Amino acid sequence: HGILLDDDLVYGLDYEADWQDGNKDAGIIKIGEKRTLSHNWTKAGEYLIQFKITTNGEEKNYQFLISIF
């Protein structure tokens with residue numbers, strides 16, 4: 001499974017993903033581009049995944065809890 005980032009806006013977007021296990025991803029998605037982010041954890045546990053999306057100078061933060069067995 002992964003997280004699909006789809007920029008159908010008139011601006012590109014910057015993203016940052018904090019997987020809460022010491023690893024982070026960041027990048028730029030151009031107008032109309034799609035990108036699937038995925039991550040593999042090495043230890044079981046609960047992780048509060050945090051995403052920051054910035055487009056046209058506006059920043060939005062998202063988070064969700066995931067359990068890894």
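Select lysine 30 to begin. Lysine 30 sits in the loop between E3 and E4. The model is predicted. Is lysine 30 buried or exposed? Lysine 30 is exposed, at a relative accessible area of 61%. The C-alpha atoms of lysine 30 and glycine 12 are 4.5 Å apart, although 18 residues separate the two along the chain.

**Across to tyrosine 11**

Select tyrosine 11. Tyrosine 11 belongs to the loop between strand E1 (3–6) and E2. The relative accessible area of tyrosine 11 is 40%, so this residue is partly exposed. Show what surrounds the tyrosine. Neighbours within four places in sequence aside, tyrosine 11 is in contact with Ile31, Thr55 and Asn56.

**Zoom out: the whole chain**

Switch to a cartoon view. The protein chain has six strands and zero helices. Read from the N terminus, the elements run β-β-β-β-β-β. Colour by burial next. The chain has 69 residues, and 25% of them count as buried. The accessible surface comes to about 5100 Å², with 49% of it belonging to carbon and sulfur atoms.

**Aspartate 18**

Select aspartate 18, in strand E2 (residues 13–18). Which side chain of opposite charge is nearest to aspartate 18? That is lysine 24, 4.0 Å away. Aspartate 18 is buried, yet has no salt bridge. Draw a distance from the aspartate side chain to the backbone nitrogen of glutamine 20: the side chain of aspartate 18 reaches that atom at 2.9 Å. Now display the contacts. Residues up to four places away in sequence are not counted here, and aspartate 18 touches Asn23, Lys24, Leu48, Ile49 and Gln50.

**The aromatic rings**

Show the rings. The structure holds four aromatic pairs. Start with tryptophan 19 and tryptophan 41, whose pair is edge-to-face, with 5.8 Å centre to centre and 85° between the planes. This pair links distant parts of the chain, 22 residues apart. Tryptophan 19 lies in the loop between E2 and strand E3 (24–29), and tryptophan 41 in the loop between strand E4 (34–37) and strand E5 (45–55). Check the accessibility of each. Tryptophan 19 counts as buried at 2% relative accessibility. Tryptophan 41 also counts as buried, at 17%.

Move to phenylalanine 51 and phenylalanine 64. Their ring centres are 6.0 Å apart and their planes are at 15°, so this pair is stacked. Phenylalanine 51 lies in strand E5 and phenylalanine 64 in strand E6 (residues 58–68), so the pair ties together parts that are 13 residues apart in sequence. Is phenylalanine 51 buried or exposed? At 7% relative accessibility, phenylalanine 51 counts as buried. Phenylalanine 64 counts as partly exposed, at 36%.

Now select the whole group. Which residues do ring pairs link into a cluster? Trp19, Trp41, Tyr47, Phe51 and Phe64.

**The salt bridges**

Side chains of opposite charge can pair when their charged atoms come close. The structure holds four salt bridges.

Select lysine 52 and glutamate 16. They form a salt bridge, with the closest N and O atoms 3.6 Å apart. The pair links distant parts of the chain, with lysine 52 in strand E5 and glutamate 16 in strand E2, 36 residues apart. Lysine 52 counts as partly exposed at 24% relative accessibility. Glutamate 16 counts as partly exposed too, at 41%.

Another salt bridge joins glutamate 59 to lysine 52, and here the closest N and O atoms are 3.9 Å apart. At 46% relative accessibility, glutamate 59 counts as partly exposed. Salt bridges with shared partners join Glu16, Lys52 and Glu59 into one network.

Last stop: glutamate 33 and arginine 35. Their salt bridge has its closest N and O atoms 2.9 Å apart. Glutamate 33 is partly exposed, with a relative accessible area of 25%. Arginine 35 counts as partly exposed at 24% relative accessibility.

Key
Residues numbered from 1 in each chain as written. Predicted model: local features only at pLDDT ≥ 70, side-chain atom pairs only at ≥ 80, totals over all residues. Heavy atoms only, no water. Helix = DSSP H or I, 4+ residues; strand = E, 2+ residues; numbered from the N terminus. Buried < 20%, exposed > 50% of the residue type's maximum accessible area, 1.4 Å probe, protein only. Lys, Arg positive; Asp, Glu negative; His and termini not counted. Polar contact = N/O pair within 3.5 Å; in protein donor to acceptor, adjacent residues only side chain to side chain. Contact = heavy atoms within 4.5 Å. Areas by Shrake-Rupley, 256 points an atom, 1.4 Å probe, with all protein chains shown as cover. Phe/Tyr/Trp six-rings, centres within 6.5 Å; stacked < 30°, edge-to-face > 60°.
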